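Please read them alongside the sequence and the coordinates.

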Amino acid sequence: MNHFQRKRGVLHAEAVPVEELARAYGTPLYVYSTATLTRHWKVLHRSLAGLDHLVCYAVKANSNLAVLSLFARLGSGFDIVSGGELYRVLKAGGHPGKVVFSGVGKRDDEVAFALESGVKVLNVESAPELARISIVARRMGLRAPVALRVNPDVDPKTHPYISTGLSENKFGVSVDEARRLYALAAQDPALEVRGVACHIGSQITTVRPFLDAIARVLSLVKDLGKQGIRLGHVDVGGGLGITYADEEPPHPDEYGRAIKKALSRFDGEVMLEPGRVLVGNAGVLVTRVLHVKESGRKVFVVVDAAMNDLVRPSYYDAHHEIEPAGAPRKDAEEIVCDVVGPICESSDFLARKRRMPRPVRGDLLVVRSAGAYGFAMSSNYNSRPRAAEVLVDGDGARLARRRETYADLVRGETPEPEAERFRTPRR
Ligand SMILES: Cc1ncc(COP(=O)(O)O)c(C=O)c1O
Ligand SMILES: N[C@@H](CCCC[NH3+])C(=O)O
């Protein structure tokens with residue numbers, strides 16, 4: 001369920017017509033719904049009721065401060081993959097004790113920042129990383145709370161770029177290696193073994209791969225218990241898919257209940273790292289039509305949003321529904337077109353071979369399901385300032401991040417006289 005619905009033919013974000021938001025904030029524009037974000041988080045949280053659990057929202061999906069602060073107020077934890085994400089979570093009022101730090105490569109300064117902030121746990125993805133974290137913690141006179149991210153070698157049947165739980169992927173350690181590393185970590189005074197984590201991929205549309213992964217993780221937990229290594233939590237990662245077109249992923253409630261059942265006998269805390277399922281359908285990208293260009297037999301609808309604003313179609317050939325924000329024009333002919341941006345790459349498209357009523361210059365189009373990995377993956381390519389983001393709440397909206405200005409684009413590019421100069425040390 002999301003709160004982007006048509007009323008009298010006009011698309012609304014909650015009670016606000018999207019056209020009004022575009023007039024007020026300009027395009028391209030990301031619009032998020034507070035009601036949808038809240039509802040999604042609560043549904044997942046409640047589906048695990050009765051189980052000691054923590055929902056750690058995966059910040060990478062949408063790291064807007066207003067979104068993070070909304071989740072923080074709901075009591076959410078956070079899954080981060082960089083020092084920058086930790087900084088954002090803290091700025092947004094997130095509790096460091098509910099933060100899990102994932103990722104295959106953490107710099108020493110990022111590990112130190114996490115340890116001094118008091119994060120809940122660092123998910124460790126290799127033997128050298130475990131050794132390095134131990135060194136940093138020892139230097140700081142601290143014990144680092146760690147979990148190993150196990151790669152359970154199950155096929156999540158998703159796009160290869162976002163599959164992470166196969167042995168050929170760079171993520172995590174095998175179950176066998178985990179056994180060896182837990183034994184090492186348990187002996188290391190600079191490390192405190194807290195739990196185990198796994199994350200098998202993203203946009204997964206059946207429960208089965210999650211359950212297979214959990215079964216493997218639980219068998220590891222049992223074996224370690226026999227060796228006297230008790231794990232206090234199991235983190236099942238994120239990855240639950242959403243409907244972009246005709247996918248039929250399990251409802252978050254069904255997914256939550258399945259996880260709860262699979263882990264009902266586990267005596268400890270269960271953690272989740274959902275990203276897309278919480279924010280994906282809570283956001284849209286609004287863009288204005290610049291031209292309708294006919295070229296031979298092809299029709300290109302040229303809009304003011306581009307691959308720098310939403311890279312998913314170019315990058316994964318991902319499908320996003322696109323529809324007019326206003327009431328459909330009665331006399332408009334149906335066309336098959338490519339919806340493209342102004343960037344000089346042929347891969348700059350938001351949709352290809354898409355059937356829609358022929359728009360005219362100035363019309364607003366809404367790209368659906370853009371709340372996850374939308375703005376978060378945007379860039380300044382072609383020196384395009386990044387779009388504004390607004391958070392709608394009932395019949396109002398507030399700016400969650402202002403549109404970048406041209407000045408923002410060159411900020412940090414120091415003019416020559418003050419430029420920091422690097423000198424090679426004298427030999
Ligand atoms: C370690 C980790 N946790 C959580 C997530 C969130 O995934 P999703 O947005 O598919 O829920 C990801 C991204 O796939 C991830 O790499
Ligand atoms: N960026 C991907 C998801 C990656 C998940 C991160 N581990 C997407 O847009 O679908």
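1. Two strands are taken to pair if DSSP finds at least two bridges between them. Helices (H or I, at least four residues) and strands (E, at least two) are DSSP runs, numbered from the N terminus. On that basis strand E2 (residues 10-13) and E3 pair in the antiparallel sense, over 2 bridges, and His-12 stands opposite Pro-17 in E3.

2. This is a predicted model, in which local features need pLDDT of at least 70, side-chain atom pairs count only at pLDDT 80 or more, and totals for chains, interfaces and linings use all residues. Residues are numbered from 1 along each chain as its sequence is written, while chains are lettered from A and ligands numbered from 1 in the order in which they are written.

3. E2 belongs to an open sheet of 3 strands, ordered E1-E2-E3, with antiparallel pairing. Its edges are strand E1 (4-7) and strand E3 (16-17), each of which pairs on one side only.

4. The chain has 12 helices and 20 strands. Its radius of gyration (over C-alpha atoms) is 23 Å, close to the 22 Å that the globule rule gives for 427 residues, so the chain is as compact as a globular protein of that length. The rule is 2.2 Å times the number of residues to the power 0.38. The C-alpha trace spans about 75 × 65 × 40 Å along its principal axes.

5. A residue is buried if 20 or more other C-beta atoms lie within 10 Å of its own, exposed if 12 or fewer, and partly exposed in between, with C-beta atoms placed from the backbone. Of the 427 residues, 47% count as buried.

6. Strand E9 (residues 144-149) has 6 of its 6 residues buried, so the strand is largely enclosed by the rest of the structure. Ala-144, Val-146 and Leu-148 point one way, and Pro-145, Ala-147 and Arg-149 the other. Strand E8 (residues 121-124) runs parallel to E9 and is joined to it by 3 bridges; Asn-123 stands opposite Ala-147.

7. Ligand 1 has 16 residues around it, of which Ala-58, Ser-202, Gly-238, Gly-275 and Arg-276 come nearest. A residue is near a molecule if its C-beta atom, placed from the backbone, lies within 6 Å of it.

8. An unreviewed UniProt entry annotates Cys-344 as "active site"; such annotations may be inferred rather than shown by experiment. Cys-344 is in the loop between strand E16 (334-340) and strand E17 (349-357). With 9 C-beta neighbours inside 10 Å, Cys-344 counts as exposed.
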